[in-house]
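Could you walk me through this fold, from its packing to its charged side chains? Here is the model to look at while we go.

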Amino acid sequence: MEHITITVPAGRVLRGKALAGVVGSGDMEVLFTADQGQTLTIEITTSVDNSCGRWEALFNRLGLVSTLPAGQLVIHDFGATPGVARIRIEQVFEEVSYA
């Protein structure tokens, strides 16, 4: 298991919490808790070793296509593809934006 922490600048403030996915399904689970800060802190626990570069690239891409919200993102990954990871992350951001 690998543990990764990434901090990126945030450009919007949301309120609330959201959960997407279920790690027990062989997929991934993403939990987001919004706060009033200026950064998004991402805590990743993954079964895929040496994947820090892949996660950094994913969040760099997400930051290019949308403004990331401030808060804490906790990801429990069980080998999900980058496409599934992006979908789960976008799901929690969307859910909180409607809270």
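This is a predicted model: local features need pLDDT of at least 70, side-chain atom pairs count only at pLDDT 80 or more; totals for chains, interfaces and linings use all residues.

Residues are numbered from 1 along each chain as its sequence is written, and side-chain values use heavy atoms, with hydrogens and water left out.

Let's start inside. A nonpolar core here is a set of buried Ala, Val, Leu, Ile, Met, Phe, Trp, Tyr and Cys residues joined through side-chain atoms within 4.5 Å. Buried means under 20% relative accessible area, exposed means over 50%, and partly exposed is in between (1.4 Å probe, protein chains only). The largest such core has 26 residues, and the ones with the most contacts inside it are Phe32, Ile42, Trp55, Phe59, Leu73, Ile75 and Ile89. Two or more residues each come from β1 (2-9), β2 (17-20), β3 (28-34), β4 (39-46), α1, β5 and α2. Helices (H or I, at least four residues) and strands (E, at least two) are DSSP runs, numbered from the N terminus. Helix α2 gives the largest share of the core, five residues. In soluble globular proteins, nonpolar side chains tend to be buried together.

Ile89 is a handy spot from which to look around. Contact means heavy atoms within 4.5 Å. Setting aside neighbours within four places in sequence, Ile89 is in contact with Val30, Trp55, Leu58, Phe59, Leu62, Leu73 and Ile75.

Now for the rings. Rings of Phe, Tyr and Trp (its six-membered ring) pair if their centres lie within 6.5 Å; planes under 30 degrees apart count as stacked, over 60 as edge-to-face and the rest as tilted. That rule gives two aromatic pairs. In one of them, Phe32 and Phe93 have ring centres 5.2 Å apart and planes at 85 degrees, so the pair is edge-to-face. Phe32 sits in strand β3 and Phe93 in helix α2, so this pair ties together parts that are 61 residues apart in sequence. Phe32 is buried, at a relative accessible area of 1%, and Phe93 is buried too, at 5%. Then there are Trp55 and Phe59, whose ring centres are 6.5 Å apart with planes at 25 degrees, so they count as stacked. Trp55 and Phe59 are four residues apart in helix α1, about one helical turn, and both are buried.

On to the charges. Side chains of opposite charge can pair when their charged atoms come close. A salt bridge is a side-chain nitrogen of Lys or Arg within 4 Å of a carboxyl oxygen of Asp or Glu, and the count comes to two. Arg54 forms one with Asp77, with the closest N and O atoms 3.6 Å apart. This pair links distant parts of the chain, since Arg54 is in helix α1 (residues 52-65) and Asp77 is in strand β5 (residues 71-77), 23 residues apart. Arg54 is partly exposed, with a relative accessible area of 27%, whereas Asp77 is buried at 2%. Glu90 and Arg86 also meet in a salt bridge, at 3.0 Å from N to O. Both lie in helix α2 (residues 82-97), four residues apart, about one turn of the helix. Glu90 is partly exposed at 34%, as is Arg86 at 25%.

Glu2 lies in strand β1, and a polar atom of the Glu2 side chain is 2.7 Å from the backbone nitrogen of Asn50. Beyond four places in sequence, the contacts of Glu2 include Ile44, Val48, Asn50 and Cys52.

Finally, Leu19 is in strand β2 and is partly exposed, with a relative accessible area of 47%. Leaving out residues up to four places away, Leu19 touches Glu29, Val30, Leu31, Val92 and Glu95.

Notes:
A polar contact is a pair of N or O atoms within 3.5 Å; within protein, one must be able to donate a hydrogen and the other to accept it, and residues adjacent in sequence count only if both atoms are side-chain atoms.
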